[in-house]
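Please read these notes with the model open beside them. They take up a few points of packing in turn.

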Amino acid sequence: MTASPTPQLILVEAEISQPIDLTAQKTWTLGRSSINSIVLSEISVSRHHAKLEVVGNRHCYFVDLNNSNGSQVNGKRVVKPQLLKHGDVITIGSTDLRFHFPFVTHSGSTFPFRPLQVFMIQESAIQGIIWQEIFCSQGFDVRWASSSTDLQPCTSADMDITVLPDLFLIDLVAFTGEALAFCAWCSEQHPGLPLFLSLNAEASASTVDFISTTFTGRGKILPALPSQDLCQNIDAFADQLRIVLAEVDGCCLDMKELQTVLCNLDSILERTNFPGFLGNQTITNNDLDELTILNHKKHP
């Protein structure tokens, strides 16, 4: 696996992949105008079509600027600022741009493997990033795989180089059919490796009942995490983490670090309530023109 040292946007043009390091600036504008940070030269793209906001060199929001042509993330129309997760595909006109950030460390640095590592598949960006950040608060690094990852060969490849994660966290909505087969295989091949199945708000009652009655082995099923007022729900997060950490030798819950990261997440997640946000301000077309001119001067 090649770890991305920073969040990147992968732009594919004429079968050539162009990675863009998103931490080079905090705001990236996208559109047909030549003064945008990322120029998409096609008639179906508006002059000022969309923008990306980078928060803390770690999180990235995609914002459609309410143009008539619209934008999509993973095939769904974007109607409010959307927090991106590894593997998300932004579509503007006929252009696809993939958000790439598969490996996140608790310190913010990026080494391929650390002593404590979570291998995670999450369909919900918000649920996944909450899990990512609370794991990082407890000293774990997080390897985030896409929903299409074939886990068994991936785990076998890791085993060949004597490196395995310390636990798996697999979202049932993203991985329902294959989850049970993987659980059985993992229980047989790696009986000491903790495996957790997580739910999110999209999990149906029938899915929960089915999994609850058929899932066996060392793994456990974790309910969806609160996604609002996180600091006020610290006890719910602490209970979830205690269940997980009890399966990993030598791990104890650090409540102070958990509270700090939940407060930071509250601030980050509030941004979805402000269409067209720029920091804590609403952005206008005139503001955008000035911003893109400035970006063009910085990055001609």
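1. Is Phe168 buried or exposed? Phe168 has 1% relative accessibility, so it counts as buried (under 20% relative accessible area, with exposed over 50% and partly exposed in between, for a 1.4 Å probe and protein chains only). Its place is in strand β15, residues 167-171 (strands are DSSP runs of E of at least two residues, helices runs of H or I of at least four, numbered from the N terminus).

2. This is a predicted model, in which local features need pLDDT of at least 70 and side-chain atom pairs count only at pLDDT 80 or more, while totals for chains, interfaces and linings use all residues. Residues are numbered from 1 along each chain as its sequence is written, and side-chain values use heavy atoms, leaving out hydrogens and water.

3. Beyond its neighbours within four places in sequence, Phe135 is in contact (heavy atoms within 4.5 Å) with Val118, Phe140, Val142, Leu167, Leu169, Leu241 and Val244.

4. Helix α1 (residues 125-137) packs against helix α6 (residues 255-269) at about 150 degrees, with the axes 9 Å apart. That makes α1 roughly antiparallel to α6 (an angle over 145 degrees). Residues of α1 in this contact include Ile126 and Ile134, and those of α6 include Leu258 and Leu265.

How values were computed. Axes are lines fitted to C-alpha atoms, for helices over the stretch in contact, and angles run from 0 to 180 degrees between N-to-C directions. Angles under 35 degrees count as roughly parallel, over 145 as roughly antiparallel, 65 to 115 as roughly perpendicular and the rest as oblique.
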